[in-house]
Amino acid sequence: MSESQTKLSTALIHHPYQPPAGFGAVPPGVHKASTVFFPNVAALRARDWRSKFGYTYGLHGTPTTFTLEERLATLEGGTHCALAPSGLAAIAMVNVALLERGDELLLPDNVYGPSKEMARTLLASWGIRHRLYDPMDVPAFAAMIGERTKLVWLEAPGSVTMEFPDLRGLVRAARAKGVLAALDNTWGAGIAFSAFDLGDGLAVDFSMHALTKFPSGGGDVLMGSVVTREVALHEKLLLAHMRLGIGVAANDAEFVLRSLPTIELRYRAHDRAARQVARWLQAQPPVRQVLHPALPGAPGHEHWASHCRDAAGLFSILLDPALQPAQIDAFVDALRLFKIGYSWGGPVSLAVPYDLRAMRGDAAGASGHLVRFSIGLEAPEDLIADIEQAMQQLR
Ligand SMILES: *Cc1c(COP(=O)(O)O)cnc(C)c1O
């Protein structure tokens with residue numbers, strides 16, 4: 001390389017131009033960094049990676065991720081937020097932050113499946129025990145909390161089977177035994193109910209949220225968050241975050257920041273449409289039960305009604321057990337607007353058949369073939385017509 005080329009590179013890299021300060025626009029700026037510059041060695045030596053009053057390294061925060069964290073803390077009614085690169089990574093962050101060899105963890109039997117898998121494999125191999133509880137039986141849950149129980153996970157409603165538990169009762173029981181309560185709040189999304197104000201002065205200790213769902217709203221981002229109201233708990237999370245190295249990408253944070261202003265509008269639109277489709281399904285002959293917590297008669301409906309007004313766009317149906325499994329698959333395959341796929345909270349409606357027996361120890365007395373629907377933002381009449389034509393397969 002010639003001397004002049006080297007000089008050119010230096011001039012381009014250390015260019016003196018600074019744009020004027022004071023730029024204002026709708027989106028917050030997107031700052032990307034691994035390296036963050038320190039003004040001098042003293043500042044580098046005095047660095048505090050936990051502080052939100054400065055920057056040390058991209059992993060520990062940028063103006064973009066700090067902005068998103070503050071907005072999410074507000075959404076959930078908490079004060080501190082830590083981001084993770086997926087909802088499942090956020091669950092791992094809580095577990096790693098709190099649990100040590102010899103500790104015990106309680107999970108609801110209807111918990112998000114991969115959370116069970118994490119407990120069964122990784123946590124077990126680290127000497128951390130777990131037991132499954134029936135989320136609809138508060139006294140049995142209270143009796144299960146023992147000497148070694150350190151953390152309980154809650155989910156409202158449970159993934160796939162959609163039972164809404166007595167959250168206040170569960171949190172009260174955990175509190176009475178001095179055990180920390182972490183809620184998977186992906187369904188409630190900070191909108192259906194307030195995890196930090198459940199009534200009767202009760203609050204969870206951690207609210208974990210798969211931002212992949214409603215906060216993203218586009219089916220295009222994986223991210224998770226954990227919100228707390230206590231500095232000491234937040235600092236434990238940050239230690240786990242730092243030790244695991246689970247940062248989020250600036251462009252992913254940008255997507256969530258762009259979608260967040262419309263989350264309330266979208267959540268209510270999904271909710272309205274889902275209830276319309278769910279009510280229609282209740283009257284269809286092959287449908288034995290519609291598992292939607294906002295519908296009277298659904299499991300935990302009374303608890304939903306005492307905690308929430310809103311509901312997400314998610315529900316399951318139990319189809320006649322006399323139908324053949326191949327007919328259920330043919331029904332789901334025949335759907336045209338509904339796509340087959342996991343996740344929810346995006347514009348496209350989704351359907352997934354689940355095998356209840358493989359998922360649950362007790363299957364909560366539910367019988368029949370289960371299909372879960374996530375209602376997107378299409379016109380509900382079109383979704384109903386789609387299900388109606390696909391139901392030909394169930395004759
Ligand atoms: C999707 C989901 C998660 C995990 O989120 P990912 O970002 O997909 O890892 C956790 N809990 C619930 C209830 C979910 O629906």
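Which residue forms a salt bridge with Asp103, and how far apart are the closest N and O atoms? The first view has the answer, but a quick note on the model comes before it. This is a predicted model, where local features need pLDDT of at least 70, side-chain atom pairs count only at pLDDT 80 or more, and totals for chains, interfaces and linings use all residues. Residues are numbered from 1 along each chain as its sequence is written, and side-chain values use heavy atoms, with hydrogens and water left out.

**View 1. Asp103 pairs up with Lys150.** The partner is Lys150, and the closest N and O atoms sit 2.8 Å apart. A salt bridge here means a side-chain nitrogen of Lys or Arg within 4 Å of a carboxyl oxygen of Asp or Glu. Asp103 belongs to the loop between helix H4 (87-98) and strand S2 (104-108) while Lys150 is in strand S4, so this pair ties together parts 47 residues apart in sequence. Helices (H or I, at least four residues) and strands (E, at least two) are DSSP runs, numbered from the N terminus. Searching the whole structure turns up 14 salt bridges.

**View 2. Domain 1 meets domain 2.** Domain 1 covers 41-261 and domain 2 covers 263-394, with bounds from an automatic or database domain assignment. Their contact (heavy atoms within 4.5 Å) takes 33 residues from domain 1 and 37 residues from domain 2. About 2,900 Å² is buried between the two, and carbon and sulfur atoms give 65% of that. Buried area is the accessible area (1.4 Å probe) that two parts lose on being put together, summed over both. Look for Val160, Ile191 and Phe214: they supply 26% of the area that domain 1 buries against domain 2, more than any other three residues. Between these domains, the salt bridge count is zero.

**View 3. Tyr55 and Phe66 are stacked.** Their ring centres are 5.5 Å apart, with 20° between the planes. Rings of Phe, Tyr and Trp (its six-membered ring) pair if their centres lie within 6.5 Å; planes under 30 degrees apart count as stacked, over 60 as edge-to-face and the rest as tilted. Tyr55 is in the loop between helix H2 (41-45) and helix H3 (63-76), and Phe66 is in helix H3, 11 residues apart. The structure holds nine aromatic pairs.

**View 4. Two spots to check on the backbone.** A cis peptide bond joins Ala156 and Pro157, with omega about -5°. You'll find Pro157 in the loop between strand S4 (149-155) and helix H7 (167-176). Asp200 isn't a glycine, yet it has a positive phi of about 55°; look for Asp200 in the loop between strand S5 (180-184) and strand S6 (206-210).
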